[in-house]
Amino acid sequence: MLFLAADMALKLTPGPDMALTLTRGMTQGFRTAWFSVLGTFSAGIVQIPLVVLGLAAVFKQSPELFMAVKLAGACYLVYLGVKALLRSRRGGTLASSNARGQGRDAYVQGFMTNLLNPKVFIFLIAFLPQFTDPSRGPVWLQMLALAVFSKCMGLATGAGFAYGASRIRGWLTRNPWFLRAQEGVLGATMIAIAGYLVFSRGEPAR
């Protein structure tokens with residue numbers, strides 16, 4: 001449930017992928033925005049194996065490194081949480097995005113935007129290990145399941161954003177409180193996860 005709450009908070013936070021989907025939806029309609037969402041989802045085909053298999057190989061060799069990465073991940077989550085809370089106090093705005101192109105161009109743009117964003121890899125590395133439990137089976141398999149679940153949730157929420165943007169063209173710009181609420185929820189969630197990590201124990205199974 002904690003993973004689901006954190007993942008959903010992230011999906012509802014303004015960023016490059018959301019900006020791209022909303023812009024496509026508001027300017028070109030649902031179909032083009034949906035292709036953009038599919039592109040973002042497809043980037044996981046590259047990201048998930050690199051992150052999951054790479055982390056699993058390192059963790060298996062060194063339990064100490066496993067704990068170090070988890071603690072580093074907790075610090076990163078606190079950093080993200082504090083930044084989100086500060087943005088919430090200042091008020092958020094959607095990032096601008098290029099809305100040109102349709103169909104294939106939208107798919108490619110969504111794919112490349114997500115794949116070439118280093119924050120996606122960094123966050124997966126910091127995020128996934130927090131929710132693993134060696135007593136429940138291989139760590140790599142748990143991270144794989146969580147990563148796939150997260151990407152599927154992204155596909156579902158992305159479809160919702162695409163449809164909503166195509167239907168409520170001007171609503172987001174007229175309601176800045178919504179973006180501030182998103183940032184506040186994200187910040188509180190990230191800091192709570194970091195606290196959970198600090199007071200929990202665990203090491204990777206050999």
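Reader: How far apart are the end C-alpha atoms of residues 140-165, and how much of the span is helix?

Author: This is a predicted model, to start with. The end C-alpha atoms of residues 140-165 are 37 Å apart. The span is 100% helix and 0% strand.

Reader: Which residues does the UniProt annotation "transmembrane region" cover?

Author: Residues 33-59, 65-86, 106-128, 140-165 and 177-199, according to the UniProt record. That entry is unreviewed.

Reader: Now the inside. Which residues of the largest nonpolar core touch the most other members?

Author: L77, F127, L128, F131, M190 and I193 do, out of 25 residues in that core. Helices 1, 4, 5, 7, 8 and 10 each supply at least two residues of this core. Helix 7 gives the largest share, with five residues.

Reader: What is I193 in contact with, leaving aside its neighbours within four places in sequence?

Author: L2, A6, L77, F127, Q130 and F131. Another core lies apart from the largest one. That other core has five residues, including L22, M26, F161 and A165.

Reader: Switching to the surface. Which residues form the nonpolar patch there?

Author: V78, V82, L85, L86 and I191. Together they have about 340 Å² of accessible area.

Reader: Which helix gives the most to the patch?

Author: Helix 5, residues 63-90, with four residues. V82 sits in that helix 5.

Terms used. Residues numbered from 1 in each chain as written. Predicted model: local features only at pLDDT ≥ 70, side-chain atom pairs only at ≥ 80, totals over all residues. Heavy atoms only, no water. Patch = residues over 30% accessible without salt bridge, like charges linked within 9 Å, V, L, I, M, F, W, Y side chains within 5 Å. Areas by Shrake-Rupley, 256 points an atom, 1.4 Å probe, with all protein chains shown as cover. Salt bridge = Lys/Arg side-chain N within 4 Å of Asp/Glu carboxyl O. Core = buried A, V, L, I, M, F, W, Y, C linked by side-chain atoms within 4.5 Å. Buried < 20%, exposed > 50% of the residue type's maximum accessible area, 1.4 Å probe, protein only. Contact = heavy atoms within 4.5 Å. UniProt positions renumbered as here; feature names shortened; annotations may be inferred.
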